[in-house]
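Hello,

Please find the structure below. My notes on what turned up follow it.

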Amino acid sequence: MSNRGLVILDRDGVINVDSPLYIKSADEFQPITGSIEAIVRLYKAGFSIYVATNQAGLAKEKFSLEDLTLMHQKLNVLVESKGGKIEKIFYCPHHPDEQCECRKPKPGLLLRIAEHAGQALNQADFVGDSLKDIEAALAAHANPVLVLTGNGKRTRETLENSVVTFQDLADYADFKLTM
Ligand SMILES: [Mg+2]
Ligand SMILES: [Zn+2]
């Protein structure tokens with residue numbers, strides 16, 4: 001399988017339905033229609049898929065590390081049962097007040113992905129639904145991509161500069177697969 005580069009995805013609002021009350025369990029982790037299939041199609045087309053997600057709910061004790069592990073197991077099983085693969089899920093467990101280096105909009109998670117993949121990010125897309133995602137992509141010298149699921153529509157209204165935008169992850173995958 002050819003390596004066509006990295007596709008990095010935000011999680012909540014891109015892969016699964018987001019909630020202002022946090023996604024706290026595997027039960028609450030519900031894929032957005034077409035998102036699992038989009039990941040599988042991108043993987044089968046030769047892209048390496050990573051996830052970069054802020055999970056401050058851990059520090060806020062909204063859910064435990066075990067809950068998060070179960071959510072990510074569910075995601076991996078859904079993707080792998082259809083023949084796809086997520087290389088690795090990188091998450092920031094910190095509270096916003098901790099001033100860590102990994103919470104988006106900082107580029108820490110994306111830089112760790114670059115290191116794990118052994119690839120620079122200048123050809124990598126980072127697909128997100130929030131301003132933090134776009135800012136992290138720019139800070140890490142990756143290509144920001146906005147989807148209109150999750151917070152995406154609200155994010156688009158607040159943007160000063162235009163960003164490559166798709167309806168959802170399935171729409172993004174359609175575009176990547178015709179490139
Ligand atoms: Mg999000
Ligand atoms: Zn962090």
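Buried residues make up 44% of the 179 residues in the protein chain. Buried here means that 20 or more other C-beta atoms lie within 10 Å of the residue's own; exposed means 12 or fewer, and partly exposed is in between, with C-beta atoms placed from the backbone.

Some housekeeping. This is a predicted model: local features need pLDDT of at least 70, side-chain atom pairs count only at pLDDT 80 or more, and totals for chains, interfaces and linings use all residues. Residues are numbered from 1 along each chain as its sequence is written, while chains are lettered from A and ligands numbered from 1 in the order in which they are written.

Overall build
The protein chain has 6 helices and 6 strands. Both are DSSP runs, numbered from the N terminus: helices are H or I with at least four residues, strands are E with at least two. From the N terminus on, the order is β-α-β-α-β-α-β-α-β-α-β-α. The radius of gyration is 15 Å, close to the 16 Å that the globule rule gives for 179 residues, so the chain is as compact as a globular protein of that length. That radius is taken over C-alpha atoms, and the rule is 2.2 Å times the number of residues to the power 0.38. Along its principal axes the C-alpha trace spans about 40 × 40 × 30 Å.

Strand β2 and its partners
Start with β2, residues 47-54: 8 of its 8 residues are buried. Both faces are covered, with F47, I49, V51 and T53 on one side and S48, Y50, A52 and N54 on the other. Strand β1 (residues 5-9) pairs with β2 in the parallel sense over 5 bridges. Pairing requires at least two DSSP bridges between the strands. Opposite Y50 of β2 stands I8. From β1 the chain passes through helix α1 (residues 35-44) to β2, in a right-handed β-α-β crossover. Right-handed means that, with the strands pointing away from the viewer, the path from the first strand over the helix to the second runs clockwise.

β2 also pairs with strand β3 (residues 88-92), again parallel and over 5 bridges. There N54 stands opposite C92. The link from β2 to β3 runs through helix α2 (residues 65-81), and this crossover is right-handed.

The core
The largest nonpolar core has 50 residues; I8, L110, F126, V127 and L169 have the most contacts inside it. Such a core is a set of buried Ala, Val, Leu, Ile, Met, Phe, Trp, Tyr and Cys residues joined through C-beta atoms within 7 Å. Its largest share, 6 residues, comes from α1. V127 touches residues including V7, L9, V145, V147 and L169. Contact means that C-beta atoms, placed from the backbone, lie within 7 Å.

In helix α6 (residues 169-178), L169, A170, Y172, A173 and K176 are buried. They fall within an arc of 155° seen down the axis, so they line one face of α6. The arc is that of the directions from the helix axis to the C-beta atoms. On the other side, F175 and T178 are exposed. The cover over the buried residues of α6 includes α1, β4 (125-128), β5 (143-147) and β6 (164-166).

Helix α4 (residues 131-139) buries D133, I134, A136 and A137. These cover an arc of only 165°, which puts them on the same side of α4. Their cover includes α3 (108-117), β4 and β5. After α4 comes H141, with a positive phi near 60°.

Best wishes

Methods:
Contact = placed C-beta atoms within 7 Å. Lists of a residue's contacts leave out its neighbours within four places in sequence.
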